[in-house]
Amino acid sequence: MHESGDMIQLLNSEGERTANPEWDAYLGDVDADMLRQFYRDMFYTRRFDKEATALQRQGQLALWVPLRGQEAAQIGAGRATKPQDYLFPTYREHGVALTRNVDFPQMLRLFRGISNGGWDPRDNNFHMYTMVLAAQVPHATGYAMATKMDEADFSPEKRAEDGTAVMAFFGDGASSEGDVHESMVFAASFNAPLVFFCQNNQWAISVPVEVQAKVPISQRAQGYGFPGVRVDGNDVLAVLAVTRWALERARTGQGPTFIEAYTYRMSAHTTADDPTKYRLDSEEASWIDRDPLVRLEKHLRDNGLGDEAFFEDVSRGADEMAHRVRQEAMAFPVPRLEQLFDNVYAGAHPLIQAELKQHLEYEAGFLDRPESDNTDGGAH
């Protein structure tokens, strides 16, 4: 059942590979090219995160949710999926989005305040971000239950190859929400093809995980009757192996699994947060040596899998990507106010329509300032 209180790790903080026959079976196709791709994915994700943070600080985004330190958990999980799988993120899964071919600039529409989403989930089976804590987990559970019904006539062979698995992402703080508990009850009761993927980054904003759970969060799965595993979330190979195993269980009708990716949020919860108010510098420093990106870089360098030219190419490509992200984000057209209400109700709502009309008439009462108007006070 693979259920254990021990944390699964295949690549330690020094970049050294540990053999594990049980989990290595899920990594048979991982070669040098794939490892380099993982590194590129993680590097690009971190560079995107840095650029988006800068955009917010410059007043171009209303808010940003950093993920620095969680790249291995997200890339490992995302790269474990198949195209037909459907993923439900929270608001921090920028790396997972990359693995599902969501273009980085489109992810900024929501945080720029000009869209309720930014991409069409049907294009890549990656749902829109959910800002309400844990609200996406019941959605994922319902989707998984429906998927099971849709594929009820699949043969075991077809289910294993073409069956749909669903994955719900959430954090350690969200794991205390009733939505997660209720979702696990339903998923277990109906043997839904669902993977609960918890990124335990140690802090639910300012609340430490010790307050959220007195035992490893993965052990909660036992109370619902399905496996729970804890994996080193800073080890991209371990996350890949464990997630592949869990998705395989889901596709083959073995029901839900709970994965706790044990990682660390190396930055603020959001750009509206100041982590120095609630955690010590010494704690942050203790996680520096466990940086997932540095860990994989050590492995590539020490094993002759990545030379200096490769790392320079990745850095140069990431900078070019960041430049494109900035240029495209700044060029997004500002939608008309009326568009905010287009998809709120199935049909026109009389009160909303009346209030909107009144507001537009109010706005129309302001004169546009002439371009030649001198407002610097120098002529007065």
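Tutor: Let's start with one spot: V229 stands opposite I259 in β8. Keep in mind that this is a predicted model, where local features need pLDDT of at least 70, side-chain atom pairs count only at pLDDT 80 or more, and totals for chains, interfaces and linings use all residues. Residues are numbered from 1 along each chain as its sequence is written, and side-chain values use heavy atoms, with hydrogens and water left out.

Student: In what order do the strands form the open sheet?

Tutor: The six strands run β1-β7-β8-β4-β3-β2, with parallel pairing. β1 (7–8) and β2 (86–88) stand at the edges with a single partner strand each, so one side of each has no neighbour in the sheet.

Student: Across which strands does helix α7 lie?

Tutor: Helix α7 (residues 136–150) lies across β2, β3 (166–171) and β4 (194–200), at about 170° to β3. For that angle, axes are lines fitted to C-alpha atoms, for helices over the stretch in contact, and values run from 0 to 180 degrees between N-to-C directions.

Student: Why is F258 called buried?

Tutor: Buried means under 20% relative accessible area, exposed over 50%, and partly exposed in between (1.4 Å probe, protein chains only). F258 has 1%, so it is buried. Its strand, β8, has five of its six residues buried, so β8 is largely enclosed by the rest of the structure.

Student: What is F258 in contact with?

Tutor: Contact means heavy atoms within 4.5 Å. Leaving aside neighbours within four places in sequence, F258 has contacts including F170, M184, F196, C198 and V229.

Student: Why does N125 count as buried?

Tutor: N125 has 18% relative accessibility, which is under the 20% limit, so the label applies. N125 is in the loop between α6 and α7, and its phi is near 55°, a positive value in a residue other than glycine. Most residues other than glycine have a negative phi. Q202 is also not a glycine and has a positive phi of about 80°; at 8% relative accessibility, Q202 counts as buried.

Student: What makes F48 and W64 an aromatic pair?

Tutor: Rings of Phe, Tyr and Trp (its six-membered ring) pair if their centres lie within 6.5 Å; planes under 30 degrees apart count as stacked, over 60 as edge-to-face and the rest as tilted. F48 and W64 are 5.5 Å apart centre to centre with 90° between the planes, which makes them an edge-to-face pair. F48 is in helix α2 (residues 32–57) and W64 in the loop between α2 and α3 (71–79), so the pair ties together parts 16 residues apart in sequence. Both F48 and W64 are buried.

Student: Why is the pair of F111 and Y129 edge-to-face?

Tutor: Their ring centres are 6.3 Å apart and the planes stand at 75°, so the pair is edge-to-face. F111 and Y129 are both buried. One aromatic cluster holds F48, W64, F104, F111, W119, F126 and Y129.

Student: What sits over the ring of F154?

Tutor: The charged end of K158, 4.8 Å from the ring centre. The rule asks for NZ of Lys or CZ of Arg within 6 Å of the centre and within 35 degrees of the ring normal. R301 lies over the face of F311, at 4.1 Å from the ring centre.

Student: How many residues has the largest nonpolar core?

Tutor: It has 68, and L108, F197 and L296 have the most contacts inside it. Such a core is a set of buried Ala, Val, Leu, Ile, Met, Phe, Trp, Tyr and Cys residues joined through side-chain atoms within 4.5 Å. Helix α11 (residues 236–251) gives the largest share, eleven residues. A second, separate core of 24 residues includes V137, V166, V209 and A213.

Terms used. Pairing = 2+ DSSP bridges. Helix = DSSP H or I, 4+ residues; strand = E, 2+ residues; numbered from the N terminus.
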